[in-house]
Amino acid sequence: QVQLVESGGGLVQAGGSLRLSCTGSGRTFSSYAMGWFRQAPGKEREFVATISRTGGNTYYADSVKGRFTISRDNAKNTVYLQMNSLKPEDTAVYYCAADYEYSGTSYEWREREYDYWGQGTQVTVPS
């Protein structure tokens, strides 16, 4: 069982930056690939970024590629999402999620494959 808690959301002007954090409970955090997803008002939840267990492999949605960076610190049981050059269309509730993986180099972008989810943190970028 893994419990995930996100933090770092808030209101930021277009062009600004935010760093989201997601801290997991338990000793097995490094057994999970991690992902960030987001859900905007009136829309379905969508994939944002994912990182392998070891942190060596990452994958991004086209909409955030070059602006967002996912990273992790397994010693702190934490995954981060650095968001730069924010746009109004980035406004959403951001969720982190954990996917159990046997391989240290695998990541996952399919929402249905994730085992545990955080409660979400709101990011608002006014237009």
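Q: Is threonine 50 buried or exposed?
A: In this predicted model, threonine 50 is found in strand E5 (residues 46–51). Its relative accessible area is 0%. Buried means under 20%, so threonine 50 is buried.

Q: Which side chain does the side chain of threonine 50 join in a polar contact of 3.2 Å?
A: Not counting residues up to four places away in sequence, threonine 50 touches several residues, including Met34, Gly35, Ile70, Tyr107 and Tyr114. A polar contact needs N or O atoms within 3.5 Å. The contact of 3.2 Å joins the side chain of threonine 50 to that of tyrosine 114.

Q: Which element gives the most residues to the largest nonpolar core?
A: The largest nonpolar core has 32 residues, and those with the most contacts inside it are Met34, Trp36, Leu81, Met83 and Tyr94. Two or more residues of this core come from each of E3, strand E4 (32–39), E5, E7, E8 and E9. With five residues, the element that gives the most is E9.

Q: How many of the six residues of strand E8 are buried?
A: Strand E8 covers residues 78–83. The strand is largely enclosed by the rest of the structure, because its buried residues number five of the six.

Q: Which residue of E8 is the bridge partner of leucine 20?
A: E3 and E8 run antiparallel and are joined by six bridges. Six bridges also join strand E7 (residues 68–73) to E8, again antiparallel. For leucine 20, the bridge partner in E8 is leucine 81.

Q: Which residue in the hairpin of E7 and E8 takes a positive phi?
A: The hairpin has four residues between the strands. The positive phi is near 55 degrees, and the residue that takes it is asparagine 77.

Q: What is the handedness of the disulfide of cysteine 22 and cysteine 96?
A: The structure holds one disulfide. Cysteine 22 and cysteine 96 form it, with their sulfur atoms 1.9 Å apart. The torsion about their S-S bond is about 45 degrees, so the disulfide is right-handed.

How values were computed. Residues are numbered from 1 along each chain as its sequence is written. This is a predicted model: local features need pLDDT of at least 70, side-chain atom pairs count only at pLDDT 80 or more; totals for chains, interfaces and linings use all residues. Side-chain values use heavy atoms; hydrogens and water are left out. A disulfide is a pair of cysteine sulfur atoms within 2.5 Å. Buried means under 20% relative accessible area, exposed over 50%, partly exposed in between (1.4 Å probe, protein chains only). Two strands pair if DSSP finds at least two bridges between them. A polar contact is a pair of N or O atoms within 3.5 Å; within protein, one must be able to donate a hydrogen and the other to accept it, and residues adjacent in sequence count only if both atoms are side-chain atoms. Contact means heavy atoms within 4.5 Å. A nonpolar core is a set of buried Ala, Val, Leu, Ile, Met, Phe, Trp, Tyr and Cys residues joined through side-chain atoms within 4.5 Å.
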